Amino acid sequence: MNSRALTYVLAAAALLGLTALAFAVGRYPVSLGEIVSLLAAKLTGSTHNLPANVETVVMQVRGPRVLAALVVGASLAAAGTAYQGMFRNPLVSPDILGVSTGAALGAVLGIFLSLGILFIQLFAFAGGLVAVGLVYWIGSRLRGHDPLLALVLTGVVIGTLLGSVIALLKYLADPYNQLPAITYWLLGSLASISPRDLSVAAPLALLGLAPMLLLRWRMNLLALPDDEARALGVDTRKLRTIVVAAATLMTAAAVAVSGIIGWIGLLIPHAARLLVGPDIGRLLPLAMLLGAAFLLAVDTLCRTIATIEVPPGVLTALIGTPFFLWLFALSRRSW
Amino acid sequence: MRLWVVIASLFTEVSSAQAPAVDTSGREIRPPAKVERVYAAGPPASVLVFAIAPDKLTGWTRAMRPNEAQFFAERYAQLPELGRLTGRGNTANVEVVLKAKTDLIVDVGSTGGTPASLASQVQEQTKIPYALFDGRIEATPAALRSLGRLMGNEAEAEKLAVWYENELRDIKQRVARVSSHPLVYYGRGTSGLQTGGKGSINIEVLEILGARNAAAEARAGLVTVSFEQVILWDPEVILTTDPNYWASVWTDARWRAVKAVAAKRVYLSPHLPFGWFDFPPGANRLLGVWWAGKLLYPQAFDVDLRAKVAEFHRLFYHREPTAAQLDTMLGEPGVLPR
């Protein structure tokens, strides 16, 4: 087995091990035996005589949350990988075209209007899609510039505009009630993930991940100038639209249920690149594995280390930064 | 520090202004001889100033909504929106405060270093005396007295302070008679997963009631907890301020795992015209104490809640609510057991 294949196998094994561990730990004590007999009962359709709360905790609370961490982590890492390749820029994160800022604005508006959690999530999802749609529509109409540059710059200015609307809503929000709710949403958290959230967000994220995985070898061509790619027989405009749509769909679905979780979309692609090099065909699956494993590890700590929840944004950076620097120091690969 | 201010004030000359007073933050305040126009920097301050002398309040921090305005005389409900001044994000312009010909600025809430320095800064800028008072329920009688002295309404303030003290004493005596204290969880936000730890201003009502707060082990202040943690605590009663959350617990399998939901003991705090339970964190929360007291200890708090509400409104909001208004406040789904 060559070292590259070994990397994938190790990453997948780490992910599986982490998932098992994540199911086994939590504030509510559930023994490994209880989990095994519960899952066995669920799989075979037989009845079990475990306490009702054990089933609620595993099936309604912990299970959806573990799976959501995997989906959100993989989505953010995949979107970041695609964008960094497409924009030929290592500083690009999934939010470059405004998806998180748009989603944040949607959610903040929902909180400002005192809507229920379902509408807040719906607003967030729609906000993400609308923001990127707007950026893409304006960016592709700015002729006479490099199309990628036009897209990035439009993304930056629209993102700033949306950010200022968020600031306005925060300013007008009720300071005792709505403002803390907005702050918590912007901090990001998987604490309130419900089975319903997962059943809606996961298919949407997979819908975005599937075309990206299928097109991953061709995505390398997006880094080439348009005319060169055309000479190779690839319609970069069309490919770019598909990639942006897929990345937006999965990021918007992820952010709608988790709030803003930074770091993963920006730095997990780099970690993967240090391990297998810049080819997106090889990079994308590994980035997804690492993103999923990393967010799962972080979220498991968030929900277990203290009585209160720790915001994932705090731990992603605290754990991620030394890990990333260590990887960077070790590696001699070019970008 | 406070002593130093008092000593220093002995040596400063007294002009046409009143004798200097010291606010809760220990800052020396020198209001003009006649205080006619008072700007309240936040909702808890509005409640106190309005209670003492409604005609001296120059405006609300935000315009009254129709469902709030119905509880006040029209001339008060229509006072202009002036914005908040310090603390959690300013929406007031200092020039607006000046233009309102303000004699005294009052803020009620935390009296720590940051609010005190902000108050000093605004006072420096505007030359308008800026007094800061402790907003805790237990500190309300003292705040009423000091504020009444500054505003030149000592008699009115004294009457309110004595009444408030009697209410608190009555509550304490009732709490002392309680033999079983159910475990209570305060769920905030649409997910209900935000709560207040021991000593948090958000659950002062619970602490006055000597309730057993499920989240007591969490740090003071607003915190987020996980479902697993709430299921582990398994509270017997849940109180909330969020109608969306209250409606969702009955259908959400995760919340149904909690004792309080199974026993249908999840209650939604009334919120008109000023919140009863958590926010704004001022004197208005006395009604929340009576409400929660009745829910937690029905025997010891065998009082007529409607009469309590009517009396508080008459004294603090200067208008007794109609029977229909009492129904609006207390008849909302979830406010009281069916």
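The 21 positive and 13 negative charges of chain A have mean positions that lie 5 Å apart. Here Lys and Arg count as positive and Asp and Glu as negative, while His and the chain ends are left out; each charge is placed at NZ of Lys, CZ of Arg, CG of Asp or CD of Glu.

Before we go on, some ground rules. This is a predicted model, in which local features need pLDDT of at least 70 and side-chain atom pairs count only at pLDDT 80 or more, whereas totals for chains, interfaces and linings use all residues. Residues are numbered from 1 along each chain as its sequence is written, chains are lettered from A and ligands numbered from 1 in the order in which they are written, and side-chain values use heavy atoms, without hydrogens and water.

**Chain A as a whole**

Chain A is built with 13 helices and zero strands. Helices (H or I, at least four residues) and strands (E, at least two) are DSSP runs, numbered from the N terminus. Along its principal axes, the C-alpha trace of chain A spans about 70 × 60 × 40 Å.

Of the 335 residues in chain A, 51% are buried. Buried means under 20% relative accessible area, exposed over 50%, and partly exposed in between (1.4 Å probe, protein chains only). Among contacts in chain A between residues at least 6 apart in sequence, 75% join residues at least 24 apart; a contact means heavy atoms within 4.5 Å.

**A look at helix 5**

Helix 5 of chain A covers residues 117–139, and its 23 residues reach 33 Å from the first C-alpha to the last. This is close to the 33 Å expected at 1.5 Å a residue, where the expected span is 1.5 Å times one less than the number of residues. Its buried residues include A:Ile120, A:Phe125, A:Gly128 and A:Val135. Among the elements of chain A that cover them are helix 4 (99–112), helix 6 (147–172) and helix 10 (236–258).

A:Ser194 sits in the loop between helix 7 and helix 8 of chain A. Leaving aside neighbours within four places in sequence, A:Ser194 touches A:Pro64 and B:Arg254.

In chain B, B:Val335 belongs to the segment after helix 16 (323–330). B:Val335 and B:Ala247 are 88 residues apart along the chain, and 12 Å separates their C-alpha atoms.

Two residues have a positive phi although neither is a glycine: A:Arg88, at about 50°, and B:Lys127, at about 60°. A:Arg88 is in the loop between helix 3 (52–86) and helix 4 of chain A, and B:Lys127 is in the loop between helix 6 (113–126) and strand 5 (130–134) of chain B.

| Residue | Relative accessible area | Class |
|---|---|---|
| A:Ser194 | 7% | buried |
| B:Val335 | 1% | buried |
| A:Arg88 | 45% | partly exposed |
| B:Lys127 | 64% | exposed |

Finally, look at the cis peptide bonds of chain B. One runs from B:Leu272 to B:Pro273, with omega near -10°, and another joins B:Phe279 and B:Pro280, with omega about -5°. B:Pro273 lies in the loop between strand 11 (266–268) and helix 14 (286–296) of chain B, and B:Pro280 is found in the loop between strand 11 and helix 14.
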